[in-house]
Amino acid sequence: MKTLKKQIPYILLGATLLLLLGLNIISQDHWLDSDMAAEMIFSRILSEEHHIFSTTNWYYSTEFRVLYTQLIMGPLFRICSNWHVIRTITNLVFYGLMLASYYYFMKPLKVSRGLTVLSSCLLLLPFSETMMTHMQMGNTYMSHVILVLWFFGMYLRLCSGEYHAKRKVSLWIFYVLLAIVCGMSGVRYLLALQCPLVLTSFFYLLGGEEFQSFRGEMTKEHFQTLFSTDRMRYFLYSLAGAFFAVVGYGINVVFISHKYVFQTYGATNFIALYHGVLFDRIQNAVGCLLMLFGYIQDKGFLSLRGVVTMAAFVMLGIYGYVTVKSGKMQRVTGFRSLITLFLKVSFVLNLFVFIFTTSTMVPRYYITIFIFALPVLCFYLEEEKMPFDRLAVTALLTVCLLLGTGKTVMSFLTVDKNETKRPVAEFLAGNGYDFGFATYNNANIITELTNGEVEIGNIGDPEHLEYFKWSSPMKYYEEGYHAGETFLLLTAEECAEYAEAPALKQGEKVYEDGSYTVYVFDSTEELMNCAVARQ
C-alpha cells in the first residue's frame, strides 16, 4: 500500500502527459492563431537558410527570442514536411524541458520528491483556456517558463555555496550567459525575473538581524558582519544577474535592433489618474488574473461554466492563502522564505506596472508569476501542522483543477475556433492559389492549416492595402517575389465594411461561403494598384 501511495504522483504525471499527447494528436490546431503559426513559418525559413537562432529576412514583433521554439522546429523542418507532426514533437520536447527545469529549480528547496512531481503536474494541466492556448498547445510561453526556472535554479545553487570551485565556475558561466540572453530578448525577463529578484533579495537583506545591528550602529565591524552573511550573498548574486541582463538589453538596443526589424506599440507611459482610467486598469488587471485561473465571462451562474468560474475564484483564494500562511510559518527559512517573498514581490511589481502604466495587459502575462506559487504550495503542504487545513486545501484545489481541466479539455475537443477557416484554406490549396494577402488574424494561420502550401502576407485593411509587417517573412512584401495570380482573402465583416473599396470591385470573386470571400487578381501589382491613398 505504501509503495502504491509513493507511485501516485508519477501515475498522475504520466496520465497528464498522455492527456496532452492525445490532445496534440486529435485537436492540436483547434485554438491556434496567426501568432502561433508565425513561429512555424519563421522556423521553416531558418531551416531553408540553414540558420539556428535568427534571420534578417523576417519582420519580428516586439521581441528577439534567442532561445525559443525555433531551436526544435527548425531542425525538424529539415527532416519532416508535416507541420502537425513538427508541432506535436516540439510540444512534447518542451513538456520534457519544462519538467526538467522545474525539477532543477526545486532541488535546492529540498521539497520531497513525491510532492515535487505532484506539483509539476500543475505546470502541464490545461485548467484554463489561457493555459491551454499559451502553454500546452500554442507553446508561446513554455520557453519563458523554462528560462526563468533554469536561471532561478542556478541562482539558488550559487547562493548555497555548497559547490566546489570548478562546479561554481561553470555555474557562473552559464548564469552570466543566460542573464545576457534574457536581456537580449527585451524587457520581458527584466520585469518577470531580474528586477523582482533584486528587490526580493534586498528586502530579504533588510529583514536580517545583521542589518538591524548595522542600522543601529554603523560601524566597520557591523558592516563586515553584514557583508559576510548569506542574505548579502543572495543580494549580490541577484545584482550580478541583473547587471548582465542589462548588458544583454544593451546588446539588443545597440546591435540587434539595428540589424533586425522590429515593430513597437510606442513608449510605455504612466496612465492618467482621472476620468476612470485608473479603475479601468485595476478592473483589467483583476480580470486577467481571474481568466488565468479559468474565469469565463458572460455565462450562467449555475451552468457548468459558472461553476468553473467559481472554481477560478477558489483557486485564486487558495494560492493567496498558502502564500500568506507560508510567509508566517516559523520553520520556513533560507531559500523557502526567499521564494515566498519573491512570489509576493513579483506579483506586486507586475501588478503595479499593469495598473499604473500603459503597458499591454493580457492573462498570459501572469504565467511567469504563477509558476512560483507551486513551490510555495509545496512549502505549505510540508509545513502546515493542522491536518484538517492541509486536507481542505488539497481537496479544494484538486476539485478546482479537475473542474477547470475537464471543462477546458471538453471545449478544446468540441470547439474548433478555426472551423470556418478550414473550407477556404482547403479551397486555396486545392485550386493552386498559393500566394495572397489578408488581414493579420487570417494570414499565418491559413499557412499552417494548409501545411505551408499557401503563403499569405499581411495588410491593414482591403481599402488602403498597406502592408502590415508583423511576424511575417520579408519576401512577401518584396517586388517580384510572386509571379502569377494573387488572391485577397477577406472575412464577411470586412467585405461588408469595405464594400466600396476598389479591390472588391475590380477583383474576380472565386469563393464565398458566408464566412470568407476570396478575390483573385492577375498579379500582386494589379491588387496593389487598387489601394486608396490615405487622406
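Predicted model: local features only at pLDDT ≥ 70, side-chain atom pairs only at ≥ 80, totals over all residues.
Me: What places L13 in a helix?

Reply: L13 lies in helix α1, residues 2-27. Helices are DSSP runs of H or I with at least four residues, strands are E runs with at least two, and both are numbered from the N terminus. Residues are numbered from 1 along each chain as its sequence is written, and side-chain values use heavy atoms, with hydrogens and water left out.

Me: Why is L13 called buried?

Reply: Buried means under 20% relative accessible area, exposed over 50%, and partly exposed in between (1.4 Å probe, protein chains only). L13 has 11% relative accessibility, so L13 is buried.

Me: Which residues does L13 contact, leaving aside its neighbours within four places in sequence?

Reply: L99, Y103, V117, S120, C121 and L124. Contact here means heavy atoms within 4.5 Å. The C-alpha atoms of L13 and S119 are 9.3 Å apart in space, though the two residues are 106 apart in sequence.

Me: Why is helix α6 described as largely enclosed by the rest of the structure?

Reply: Helix α6 spans residues 129-137, and eight of its nine residues are buried, so the description holds. The buried ones are T130, M131, M132, T133, H134, M135, Q136 and M137. Just after α6, N139 takes a positive phi of about 55°.

Me: Is K110 buried or exposed, and what is the value?

Reply: Exposed: K110 has 61% relative accessibility. K110 sits in the loop between α4 and α5 (113-124). Its phi is near 55°, positive in a residue other than glycine.

Me: Is L465 buried or exposed?

Reply: L465 has a relative accessible area of 5%, so L465 is buried. L465 is in the loop between β3 (455-459) and β4 (472-473). The phi of L465 is near 55°, a positive value in a residue other than glycine.

Me: What makes up domain 1 and domain 2?

Reply: Domain 1 takes 1-262 + 270-414, and domain 2 takes 420-530. The bounds come from an automatic or database domain assignment. The domain centres, taken over C-alpha atoms, are separated by 38 Å. Domain 1 gives 27 residues to the contact and domain 2 gives 22.

Me: What area do the two domains bury between them?

Reply: About 1900 Å², with 56% of it on carbon and sulfur atoms. S34, Y59 and W83 supply 36% of the area that domain 1 buries against domain 2, more than any other three residues. Buried area is the accessible area (1.4 Å probe) that two parts lose on being put together, summed over both.

Me: Why is the pair D29 and R422 called a salt bridge?

Reply: A salt bridge needs a side-chain nitrogen of Lys or Arg within 4 Å of a carboxyl oxygen of Asp or Glu. D29 and R422 have an N to O distance of 2.9 Å, so the pair qualifies. The rule finds three salt bridges across the interface of domain 1 and domain 2.

Me: Which element gives the largest share of the side of domain 1 that touches domain 2?

Reply: α2 (34-49), β1 (58-59) and α4 (83-106) each supply at least two residues of that side. The largest share, 10 residues, comes from α2.
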